[in-house]
Amino acid sequence: MDQSTKNRRKDISVFHVTTIAVLACIGQFVGSFSANALELPVEEAVLTTAPQVPPAITRDFPAKVVVNLDSIEKIGRLADGVEYTFWTFGGTVPGKFIRVREGDLVEFHLNNHPSSKMPHNIDLHAVTGPGGGATSSFTAPGHSSQFSFKAINPGLYVYHCATAPVGMHIANGMYGLILVEPEEGLPPVDREYYVMQSEFYTSGSYGDEGLQSFDMAKALTEIPDYVVFNGSVGAMTGENSLQANVGETVRMYVGNGGPNLVSSFHVIGEIFDRVNVEGGSLINENVQTTIVPAGGSAIVEFKTEVPGTFIAVDHSIFRAFNKGALGMLKVAGDEDLMIYSGKQDDSIYLPEGGGVQTIAKTSSGVSAASNKQERIISGKRVYEQNCMACHQSEGQGIAGVFPPLSGSDYLLSDPKRSIDVLLKGLSGEVTVNGIVYNGVMPAVKLSDEKMANVLTYILNSWNNNGGEILPINIAEARQSH
Ligand SMILES: [Cu+2]
C-alpha cells in the first residue's frame, strides 16, 4: 500500500470504513463531494408504506444511501364517507418510512410532482444542518432538489414539510419517520411496525361526509375533529389490523406528526418491555403508556404472551373512541391460562347483611329513594347512563331513528305501558307523535328501583306532565310476565 493510499484510508476512517472503501471507486472523484464520500458503496433506500418497515440493515460499514421521495397532493379517504385532499410524502399519510445506518451519507432527492399546486420542502429531524434540510430542499411543482447529510446520531426521527404556512403543510399530511439504526444495529425482533399519529382539522365535524377542507381556525384552537393512526380512521383496525403470533416480539416505531397534540401511546392489554424514550438511546422498561411529543417519536417493544386483540390508543381517551386514534394488533395462538385466565366465574354477589342492593350508594349515603324528588335526582343519573345515548340529552330523540321521550304521546298517554317497554324491549312499528318508528329498543336490565327512578325522572322532565312510578309497580309488571 503506497503512502497516498494510506493517507486516504486514514481519512475515510472518519466514516468507519475498513475494507470496502478503497476498493469501491478510486478515481471517481467528481462532483462537489469529498473523495471520501464518493468511495462509499452506493445503495438505493428501500422505502415502505405504513404499517410496513424496511428490513433491518445488515451492513456493518457505512454507505451512501440514495433516497428518492416524491411530494404528491391527492384526494384520499379520511374516514368512511369522508375524503380529504392530503399533501403527502410518497403518496400516503404518513410518508414513506426511511431506514439508514448511523454514519451513512444520505443523498436526498425531493421530487415535487408536476400535478402539485404547492411548493414543498423537507425538514428531517435526523439532519444536523440548517432547517434539517428545509433550506436546501424548497422545491417548486415539477422540480427536484438534491442535498446530502451524514446521519450522525442514531435514533427514530420525524420528518415533515416546513414550507410556509408550516402548520398547514403538516396538518395536510406531510410527515413521516426516518430511522437511523445504531452502528451495532437494534436487537432482532419478530415483527416491526410503523405507526404514526396525527390530527386533522376539517371544515365539517367528525363523520361529516364528503370532501372536507382544512380549517385553519380550528387548527389554531388545537381541537381537532380527527386524531388518527396512519392517516385515517380505521387504517389499523379490522382487515387492516397489525398481526402477530403468540410468543413473538413486536417492535413499533411510533411517531407523532401532530401538528399540535402530544400522544399518550398505550396498547390495551400489553406492557412495553422496552421503550426507547422519545426515540433516543435511553431505554425505559415495563412501561404502560409512553409520551410521544408532537414532532417526536418512541420505539416500543413487547413480547406477546397470549392471543387476542390488543388495542393501540392515544390514552387521552376521547381521541381514541370518538376521534379515531385507535388501532388493533391481532395476536393468534394458544391460550396460556396461567398468564390470563379469561372469565372464570360469574355468580350472584350478596353483600354482608344479605339482600340485593337495588341502587348503588351515592356519596351522600342515599340508597333507595324515599320520596319523589330523590327518585327524580337518581333517575337522572340512570337516564344519562342507560338511555341518553339513544334518546338524547333533552329526551328529544333523533328524527326517524330514536323516538322522543319529551312530549311523547306514546309515553304520556299510558306511562305504565313504558314499564313493559323497559322490561321487554320494543321493536316493530310504533307511532310517536304521528311519526312511525321501526327500530329496536333492547330490553333494559336494571333493578326495580332504577327503572322506577328513570321513568319518574322522564315523566317530570322536559315539560312532560309529571307522575311517579314506584319500584312496586315494576315488581308487579315483572310478576305479570
Ligand atoms: Cu409541503
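**Reading a helix and a metal site**

Modeller: In this predicted model, the buried residues of α11 are Glu449, Met451, Ala452, Asn453, Val454, Leu455, Thr456, Tyr457, Ile458 and Leu459.

Colleague: How many residues of α11 are buried, and why does that matter for reading the helix?

Modeller: Start with the general idea. An α-helix has 3.6 residues a turn, so residues three or four places apart point the same way. Now the case here. In α11, 10 of the 12 residues are buried, so the helix is largely enclosed by the rest of the structure. Its span is 17 Å from first C-alpha to last, close to the expected 16 Å.

Colleague: What covers the buried residues of α11?

Modeller: The cover includes α7, α9, α10 and α12. Take α7. Its axis comes within 7 Å of that of α11, and the two cross at roughly 95°. That makes α7 roughly perpendicular to α11. Residues of α7 that meet α11 include Arg375, Ile376 and Tyr383. On the α11 side, Val454 and Tyr457 are among them.

Colleague: Now the metal. Which residues coordinate the copper ion?

Modeller: His120 and His169 each give ND1, Cys161 gives SG and Met174 gives SD, at 2.0 to 2.6 Å. Along the chain the donors follow H-x40-C-x7-H-x4-M.

Colleague: What is the arrangement of the four donor atoms?

Modeller: The ideal angle for four tetrahedral donors is 109.5 degrees. Around the copper ion the angles run from 84 to 135°, which makes the arrangement irregular.

Colleague: Is His169 buried or exposed?

Modeller: His169 is buried, at 1% relative accessible area. Met174 is buried too, at 0%.

How values were computed. Residues are numbered from 1 along each chain as its sequence is written. This is a predicted model: local features need pLDDT of at least 70, side-chain atom pairs count only at pLDDT 80 or more; totals for chains, interfaces and linings use all residues. Side-chain values use heavy atoms; hydrogens and water are left out. Helices (H or I, at least four residues) and strands (E, at least two) are DSSP runs, numbered from the N terminus. The expected span of a helix is 1.5 Å times one less than its number of residues. Buried means under 20% relative accessible area, exposed over 50%, partly exposed in between (1.4 Å probe, protein chains only). Contact means heavy atoms within 4.5 Å. Donors are N, O and S atoms within 2.8 Å of the metal (3.2 Å for Na, K and Ca); water is not among the atoms, so sites may look incomplete. Four donors count as tetrahedral if all angles lie between 85 and 135 degrees; four count as square planar and six as octahedral if opposite donors are over 155 degrees apart and all others between 65 and 115; anything else is irregular. Axes are lines fitted to C-alpha atoms, for helices over the stretch in contact, and angles run from 0 to 180 degrees between N-to-C directions. Angles under 35 degrees count as roughly parallel, over 145 as roughly antiparallel, 65 to 115 as roughly perpendicular and the rest as oblique.
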